[in-house]
Amino acid sequence: MIRIAAVGDVHVDKDVVGRYRPALEQLPDRADALLVAGDLTRHGTVDEAKCFATEFGGLAVPVVVVLGNHDHQSDQEQQVTEVLTDAGITVLECSSTVLEIRGHRLGIAGAKGFGGGFAGACASNFGEREMKTFVGVTEDISTRLGEALRSVQCDALVALTHYAPVPDTLVGEPLEIYPFLGCYQLGNAVDSAPTALALHGHAHHGSERGRTPGGVPVRNVAHPVIKQAYNVYQLLSESVDSELVPA
């Protein structure tokens, strides 16, 4: 069994430093790795990235993250990534990594993702140049995420995104903003590989549980949804959802 701790949308700034750390220090007893589903910072600045690295770096388990829309706000995503990487945190963007955990290989493929909507209510790659550009970004990211997922050789595979791959985990958000919270193309990418679990954030007022059309369990781990420092999920087990201990 592999135990994965996950959270998203922690929005760390200097006033948040210290809030998560006590629970994070307990991770070795509860999980084998920590995955963070984007919106690590409030405004995507280097100083905020350093705060995140202070709070989430130097743990006794591997930490793997994707960036979110907030982490792009200041157009410093490259510098933010460098700060996190220097702190020993793995940052994925249409890329993958494999962790060796007690004789098992945990594969993680991640991407920020993008919007566009879901079947029956989605943007299409047609019409104005601006619309084709918008949908083109969604299609490109989703295609590359699918390639990253299919490239991994592992015992258990996880997809990590910020934007949602299914509408199920958006329930509770206004329908009008679903196209800005995720897209069906990400779900197609997840289903294109033998993915065991898909994790995302971004939908602060959404729901925790859903499934892709292909049956892959999806979990919205945005902090306002799970309401604790992290949830723990199980792979290579009969159940994805572990007996959650408040963190």
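Biologist: Why is Gln 153 called exposed?

Modeller: Its relative accessible area is 59%. Exposed means over 50%. Gln 153 therefore counts as exposed. Keep in mind that this is a predicted model.

Biologist: Where does Gln 153 lie?

Modeller: In the loop between α5 (129–151) and β9 (156–161).

Biologist: Which residues is Gln 153 in contact with, leaving aside its neighbours within four places in sequence?

Modeller: Val 98 and Arg 105. Contact means heavy atoms within 4.5 Å, so each of these two has a heavy atom within that distance of Gln 153.

Biologist: How far apart are Gln 153 and Gly 107 in sequence and in space?

Modeller: They are 46 residues apart in sequence, and 7.2 Å apart in space, C-alpha to C-alpha.

Biologist: What makes the largest nonpolar core a core?

Modeller: A nonpolar core is a set of buried residues of listed types, joined through side-chain atoms within 4.5 Å. The largest has 32 residues. Among those with the most contacts inside it are Leu 27, Phe 52, Phe 56 and Tyr 230.

Biologist: Which element gives the most to this core?

Modeller: α3, with five residues. The elements that give two or more include β1 (2–7), α3 (46–56) and α4 (77–86).

Biologist: What is Phe 56 in contact with, beyond its neighbours within four places in sequence?

Modeller: The partners include Val 7, Tyr 20, Leu 34 and Ile 89.

Conventions: Residues numbered from 1 in each chain as written. Predicted model: local features only at pLDDT ≥ 70, side-chain atom pairs only at ≥ 80, totals over all residues. Heavy atoms only, no water. Helix = DSSP H or I, 4+ residues; strand = E, 2+ residues; numbered from the N terminus. Buried < 20%, exposed > 50% of the residue type's maximum accessible area, 1.4 Å probe, protein only.
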